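Reader: I'd like to learn how to read a fold like this one, from the sheet and its helices down to the aromatic rings. Can you walk me through it?

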Amino acid sequence: MSPERTAVVERKTNETDIKIRLELGSLESAGEQTISIDTGIGFLDHMYHALAKHGRWSLTLACAGDLHIDDHHTAEDTAIALGMAFKKALGEPRGIRRFGHAYCPLDEALARAVVDISGRPYACIDLGLRREKVGALSCEMVPHVLHSFATAAGITLHVDVLKGANDHHRAESAFKALAVAIREAVSRTGSNDVPSTKGVL
C-alpha cells in the first residue's frame, strides 16, 4: 500500500477524455481536501463531490465527453476511471480494515452501503429511483455508475436505499453512505497484514 495513497489516471477513448488525480483519505484523515469535479453533467459532479467530501478524498476529475449524444459514456467512463484511480492509489490492500459499512440519511431518505476491499469485483445496487432524470443525469445511470466504479476498483459493493420519497435525496444519500463505508474500509489498522485468510487479496 502506497504511503501517500495517491494516483493519477488518464483515460482517453473516442467517446471521452478523462483526467483524474486522487488522494485517498480514511477515518484518521484530518488534512485539508482539494476537490474539483467537471464532467459536464451537473448532478454527476454533485455525486462525485459528495463521494470525495465524505470519503475524505482529495479529487480532481475532468472529463470532456460526447454529451451531444447523451450522458451514458461520460457517466460510465468517469466511474471506470475513478475506480481505476482508487485501485491504483490503494495499492496492495495491506494493513487496512478491508470491510466498511455506513448508513447515511438525507432528510427523508436513508441509504446503506457495505464495502469489501476484496479484489473480487461485484456490485448489488438497489436505489429505487423513479424519475427519468435528476438534472441532466439519467436515473438509470446512477446505479450503473456505482456498478462501474466497483468493477474497476475491484471491490465488492452493496448499496441499498431503504426509504425516501425524493430521488435527488435517495441518490445523494447512497453516494454519501458509500463514501463513509469506503473511508472505514481503507483505514489503516497499524499492522502490515493482508486482511485475508488466503494471505492475498
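This is a predicted model: local features need pLDDT of at least 70, side-chain atom pairs count only at pLDDT 80 or more; totals for chains, interfaces and linings use all residues.

Reader: Which strands does helix H4 touch?

Author: H4 (residues 167–185) packs on the sheet and touches S5, S6 and S10. Relative to S5, H4 runs at about 150 degrees.

Reader: And in what order do the strands of that sheet come?

Author: The sheet is open, with four strands in the order S5-S6-S10-S7 and mixed pairing. S5 (99–106) and S7 (122–126) are the edge strands, each pairing on one side only. On average, neighbouring strands are turned by 10 degrees against each other, direction ignored.

Reader: Over how many bridges do S5 and S6 pair?

Author: Eight, in the antiparallel sense, with S6 spanning residues 109–116.

Reader: Let's go inside. Which residues have the most contacts within the largest nonpolar core?

Author: That core has 59 residues, and the ones with the most contacts inside it include Trp57, Phe86 and Phe149. H4 gives the most to this core, with nine residues.

Reader: How do I read a pair of aromatic rings, then?

Author: You describe the pair by the distance of the centres and the angle of the planes. Here there are three aromatic pairs. For Trp57 and Phe149, the centres are 6.5 Å apart and the planes are at 40 degrees, so we call that pair tilted. Trp57 sits in the loop between helix H1 (42–55) and strand S4 (58–65), whereas Phe149 belongs to H3, 92 residues away.

Reader: Is Trp57 buried or exposed?

Author: Trp57 counts as buried because its relative accessibility is 0%. Phe149 is buried too, with a relative accessible area of 3%.

Reader: What kind of pair do Phe86 and Phe149 form?

Author: An edge-to-face one: 5.8 Å centre to centre, with 65 degrees between the planes. Phe86 is in helix H2 (residues 72–90) and Phe149 in H3, so this pair ties together parts that are 63 residues apart in sequence. Phe86 is buried, as is Phe149.

Reader: Which residues end up in one aromatic cluster?

Author: Trp57, Phe86 and Phe149. Setting aside neighbours within four places in sequence, Phe149 also has Ala79, Leu82, Gly83, Ile155 and Ile182 among its contacts.

Key. Residues are numbered from 1 along each chain as its sequence is written. Side-chain values use heavy atoms; hydrogens and water are left out. Two strands pair if DSSP finds at least two bridges between them. Helices (H or I, at least four residues) and strands (E, at least two) are DSSP runs, numbered from the N terminus. Axes are lines fitted to C-alpha atoms, for helices over the stretch in contact, and angles run from 0 to 180 degrees between N-to-C directions. Contact means heavy atoms within 4.5 Å. A nonpolar core is a set of buried Ala, Val, Leu, Ile, Met, Phe, Trp, Tyr and Cys residues joined through side-chain atoms within 4.5 Å. Buried means under 20% relative accessible area, exposed over 50%, partly exposed in between (1.4 Å probe, protein chains only). Rings of Phe, Tyr and Trp (its six-membered ring) pair if their centres lie within 6.5 Å; planes under 30 degrees apart count as stacked, over 60 as edge-to-face and the rest as tilted.
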